[in-house]
Amino acid sequence: MTTTDISDADLRDRLRAIDDPALDTDIVTAGLVTDISVDDGTAAVELALGAPHAPDEAAIAERVREVADDAGVDVELSANVPLFDSAESSVLPGVKNVIAVASGKGGVGKSTVAVNLAAGLADRGANVGLFDADVYGPNVPQMLGADTDPDVTTVDGEDRIEPPTAHGLKLMSVGLMIEDDDPVVWRGPVAQNTLTDLFANVSWGTLDYLVVDLPPGTGDVQLTVLQHLPVTGTVVVTTPQSVAVDDTRRGIEMFGEYQTNVLGIVENMSGFVCPSCGDAHEIFGEDGGRELADAVDVPYLGSLPLDSAIRAGADTGEPIVRQDAAKTAEAFQDLAATVANKIGVLRRHHRQTATDGSG
C-alpha cells in the first residue's frame with residue numbers, strides 16, 4: 001500500500017460515501033464516525049456501533065476498511081457503544097445491551113427462544129450472559145445442562161455472586177440456588193426482592209449482550225425488571241393461535257406504557273413438518289405473529305418451526321441453535337442475527353437523533 005498525505009478531514013469526507021440503509025443517510029452525517037486520527041499512514045477510526053457482531057454493523061465496518069484502503073492508509077477500528085440515558089447509572093455497568101425475552105402467556109416456548117437466542121449470539125462471537133428471571137419456572141439451567149452452584153466472592157467488603165458458565169454463556173437463575181424438587185412458592189414482593197438483589201449482586205463483568213428470560217404475563221416480576229434494568233429492547237414471543245396472540249398484544253401494550261423498545265415479534269411453533277411424509281402441518285394456525293406485528297406496527301422477526309429436536313435439545317442441555325446440520329438451527333441462527341441487527345439500528349438511530357437534535 002502506498003502511503004498518502006491524507007488528512008483527518010479528507011478521510012472523513014471519503015467516509016461520507018458509506019450509507020447506512022437503516023438510517024437513510026451516510027455514516028458521517030448520522031454521527032456514527034465519532035473520531036478520526038491519521039498518523040504516518042495509519043488511520044484510527046472510532047465508530048458509534050453498539051451491536052457487537054451484528055451482520056449489518058460488520059458490513060459497515062468492512063466498508064470503512066475498503067474506503068481507507070482506497071485512500072492508501074491502514075485503518076484501526078474501534079467501537080464506542082453509545083449508552084441510553086437510562087443506563088448511565090446502571091446496576092449493570094459492564095453490560096452493553098440488555099435484551100428481554102417476553103411472552104403474553106405461558107407455553108409458547110419463551111425460554112427456548114431465550115436460551116437459543118443467547119447461544120446464537122455467543123456463536124457469532126459475542127460475550128453473552130443469560131439471566132433467568134422466570135422465578136416461578138426457572139428451567140433455563142436444565143435446558144443448558146447446568147448444575148454448578150454459583151461462587152460468592154467478596155469485593156470491597158461486599159459479597160458478589162460469580163455466575164457459572166454453560167455453553168459459553170454466563171448464567172444466573174433462581175434454579176441454581178434451590179433444590180431441584182423445591183417449589184418456588186413466593187408472594188410477589190418476595191419474588192421482586194429476590195430479583196432486585198440478584199440485579200445488584202451478580203458480577204456479570206463485561207458483556208456485549210445480557211438476555212433476560214422474563215416470566216410470562218404482565219405481573220409484578222416483569223414490572224420489576226423494566227423498572228430496575230436498562231432494557232435496550234424486548235423480543236416478544238407468541239404462537240400463531242389467536243389466544244396467544246391476544247395475550248401477546250397486551251404484553252406489548254405494557255412495554256409501551258414503560259417506554260421499553262420492542263425489537264419485534266417472533267412466531268414460535270409456526271409449523272410442523274412430518275418427518276415421515278414430509279407434509280407441513282400448521283398445528284397452531286398460521287401467520288398470527290406476522291399479523292400482530294403488522295397491527296401494532298413493530299418488526300416481525302421471523303418464524304420458528306415446531307420440531308421435536310428442540311425438545312430433545314432442551315432435555316439434554318444442548319441448544320438446538322448449536323446443531324449446525326439441523327434446518328431448525330438455521331432458523332434460530334437467523335433470529336440471533338436479526339435481533340443483533342435490530343439492536344444496532346436502535347442504537348444508531350439514537351446516536352443520529354442525538355447528533356442532529358431531532359430526538
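1. Of the contacts in the protein chain with a separation of 6 or more, 75% are between residues 24 or more positions apart, a contact being heavy atoms within 4.5 Å. The model is a predicted one, in which local features need pLDDT of at least 70 and side-chain atom pairs count only at pLDDT 80 or more, while totals for chains, interfaces and linings use all residues. Residues are numbered from 1 along each chain as its sequence is written, and side-chain values use heavy atoms, with hydrogens and water left out.

2. The protein chain has 10 helices and 17 strands, these being DSSP runs numbered from the N terminus (helices H or I, at least four residues; strands E, at least two). Of its 359 residues, 49% are buried, that is, under 20% relative accessible area with a 1.4 Å probe and protein chains only, whereas exposed means over 50%.

3. Helix α7 covers residues 242–257, and its end C-alpha atoms lie 23 Å apart, which agrees with the 22 Å that its 16 residues should span at 1.5 Å a residue, the expected span being 1.5 Å times one less than the number of residues.

4. The buried residues of α7 are Ala244, Val245, Asp247, Thr248, Gly251, Ile252, Met254 and Phe255. Seen down the helix axis, these buried residues fall within an arc of 165°, so they line one face of α7; the arc is taken from the directions from the axis to the C-beta atoms.

5. The buried residues of α7 pack against β6 (98–103), α6 (220–228), β13 (233–238), β14 (262–267) and α8 (288–296), while the face turned away from the buried side carries the exposed residues Ser242, Val243 and Glu257.
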